[in-house]
Amino acid sequence: KLIQFYQWRRVALIGQDTGLFNTINLNFAGQLNHMNVAFDIARVIGGSEEQIDIHLDRIFGSLKYKIAFANFYELQAYEVICRAYKKGYVYPYVTWVFPSWYTVGWTDRGKEHCEFCQGCDIDAAMRGALGVDSLTTREVTLSDNNDTILGIKQQELWDMFTENTIVTDVSIEKYLPYAFDSLLSIAIAMNTSIRNGLDLTQFDYHDPNKLSANNLTVESLRASLAAVNFAGLTGDVIYRNRARIYSNAELSEYRINGSYVPRSTIPNSCGDLF
């Protein structure tokens with residue numbers, strides 16, 4: 001949605017060479033192909049300035065790509081942007097787009113971790129960098145009056161959730177309520193389908209055409225999900241248009257010490273729940 005909004009026609013995908021980020025970039029590449037946007041991919045292994053430089057020079061040496069989507073954990077993001085800064089592959093020649101779920105102070109932790117980044121002016125390196133988050137990260141007003149689907153008040157549900165959740169990675173903490181509401185949505189949709197007389201015992205997600213009309217299929221589950229509407233941890237949960245999740249893409253601009261400030265909102269970004 002961000003690419004469509006700014007009508008970018010050529011982007012670079014720079015990602016950490018791990019299963020998670022390789023999958024993210026491959027999925028991203030598939031969408032770019034569909035959008036007829038030119039792209040190149042670099043899978044970067046951290047800990048070596050020589051290896052990082054090889055990828056950066058290949059992608060940006062000719063200044064063919066001026067938009068770079070970075071998909072890294074925080075510490076390797078620090079290594080890559082420092083090397084990019086020392087080689088001149090930063091703003092105004094290259095605009096970097098980072099995940100805005102990086103925690104405040106990540107640049108300080110990166111400075112302590114990176115042996116070859118000494119002397120890097122991280123604030124200068126990140127000047128003009130953007131942070132983007134496809135989730136609706138607005139402050140949710142929880143009510144002591146509104147009942148949730150579980151029969152308790154929103155604030156009570158939130159308190160119960162936070163008291164019984166152990167977070168081992170602070171970077172994913174704010175995504176947990178969305179995961180909770182998504183799982184609850186599917187459970188509600190399955191329950192609705194079963195109550196409508198559909199059989200769950202032979203459900204096959206990978207082959208929606210396998211079952212008879214009297215059995216639960218992906219299409220019937222989508223139909224049930226489209227009717228889901230409840231008060232959850234993230235506010236009012238509503239699905240429209242064949243169970244697509246609608247939210248605002250929040251675009252932020254980097255500020256000192258690894259923090260971001262809101263810059264603009266791109267409305268109606270969406271993704272398939274399944």
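Analyst: A definition is needed at the outset: a residue is buried under 20% relative accessible area, exposed over 50%, and partly exposed in between. K87, at 31% relative accessibility, therefore counts as partly exposed. Please note that this is a predicted model.

User: How many helices and strands does the protein chain have, and what share of its residues counts as buried?

Analyst: The protein chain has nine helices and nine strands. Of its 274 residues, 43% count as buried. The chain exposes about 14,900 Å², and carbon and sulfur atoms supply 50% of that area. Among contacts between residues at least 6 apart in sequence, 69% join residues at least 24 apart.

User: How should I read charged pairs, and how many salt bridges does the structure hold?

Analyst: Side chains of opposite charge can pair when their charged atoms come close. The structure holds four salt bridges. One of them joins K87 to D57, with the closest N and O atoms 3.4 Å apart. This pair links distant parts of the chain, 30 residues apart: K87 belongs to the loop between α4 and β4, and D57 to helix α3. D57 is partly exposed, with a relative accessible area of 31%.

User: Which residue forms a salt bridge with D40, and where do the two partners lie?

Analyst: The partner of D40 is R58, and their closest N and O atoms are 2.9 Å apart. D40 is in strand β2 (residues 38-44) and R58 in helix α3, 18 residues apart, so that the pair links distant parts of the chain. Relative accessibility is 23% for D40, which counts as partly exposed, and 45% for R58, which also counts as partly exposed.

User: Is R83 buried or exposed, and with which residue does R83 form a salt bridge?

Analyst: R83 counts as buried because its relative accessibility is 10%, and the cut-off for that class is under 20%. R83 forms a salt bridge with E49, the closest N and O atoms being 3.2 Å apart. The two are 34 residues apart, R83 in helix α4 and E49 in helix α3, and the pair links distant parts of the chain. E49 counts as partly exposed at 27% relative accessibility. E49, D53 and R83 are linked in a network of salt bridges.

User: How does one describe the packing of two helices, and at what angle do α4 and α5 pack?

Analyst: Two packed helices are described by the angle between their axes and the distance between the axes. Here helix α4 (residues 74-86) and helix α5 (residues 106-113) pack at about 75 degrees, and their axes are 9 Å apart. Angles of 65 to 115 degrees count as roughly perpendicular, and α4 is therefore roughly perpendicular to α5. On the α4 side the contact is made by E74, L75, A77, Y78 and E79; on the α5 side, by W106, T107, R109, G110, K111 and H113.

User: Is I59 buried or exposed, and with which residues is I59 in contact?

Analyst: I59 lies in helix α3 (residues 49-60). With a relative accessible area of 1%, I59 is buried. Leaving aside neighbours within four places in sequence, I59 is in contact with A12, I14, D40, I41, A42 and Y65. The list includes D40, the residue that forms a salt bridge with R58.

User: Which residues make a nonpolar surface patch?

Analyst: L20, I24 and Y73 make a nonpolar surface patch of about 250 Å². I24 is in helix α2 (residues 19-35), and L20 is placed in helix α2 as well. I24 counts as partly exposed at 32% relative accessibility, and L20 is partly exposed with a relative accessible area of 45%. L20 and N71 are 51 residues apart in sequence, while their C-alpha atoms are 9.5 Å apart in space.

User: What should I look for in the backbone, and which residues are joined by a cis peptide bond?

Analyst: Most residues other than glycine have a negative phi, and most peptide bonds are trans. In this model a cis peptide bond joins Y91 and P92, with omega about 10 degrees; P92 lies in the loop between α4 and β4. Q7 has a positive phi of about 55 degrees although it is not a glycine. Q7 is in the loop between α1 and β1 and counts as exposed at 63% relative accessibility. L63 likewise has a positive phi of about 55 degrees and is not a glycine. L63 is found in the loop between α3 and β3 and is partly exposed, with a relative accessible area of 34%.

Notes
Residues are numbered from 1 along each chain as its sequence is written. This is a predicted model: local features need pLDDT of at least 70, side-chain atom pairs count only at pLDDT 80 or more; totals for chains, interfaces and linings use all residues. Side-chain values use heavy atoms; hydrogens and water are left out. Patches are made of residues with over 30% relative accessible area and no salt bridge: like charges are joined within 9 Å, nonpolar side chains (Val, Leu, Ile, Met, Phe, Trp, Tyr) within 5 Å. Accessible areas come from the Shrake-Rupley method with a 1.4 Å probe; for residues, only the protein chains shown count as cover. A salt bridge is a side-chain nitrogen of Lys or Arg within 4 Å of a carboxyl oxygen of Asp or Glu. Helices (H or I, at least four residues) and strands (E, at least two) are DSSP runs, numbered from the N terminus. Buried means under 20% relative accessible area, exposed over 50%, partly exposed in between (1.4 Å probe, protein chains only). Axes are lines fitted to C-alpha atoms, for helices over the stretch in contact, and angles run from 0 to 180 degrees between N-to-C directions. Angles under 35 degrees count as roughly parallel, over 145 as roughly antiparallel, 65 to 115 as roughly perpendicular and the rest as oblique. Contact means heavy atoms within 4.5 Å.
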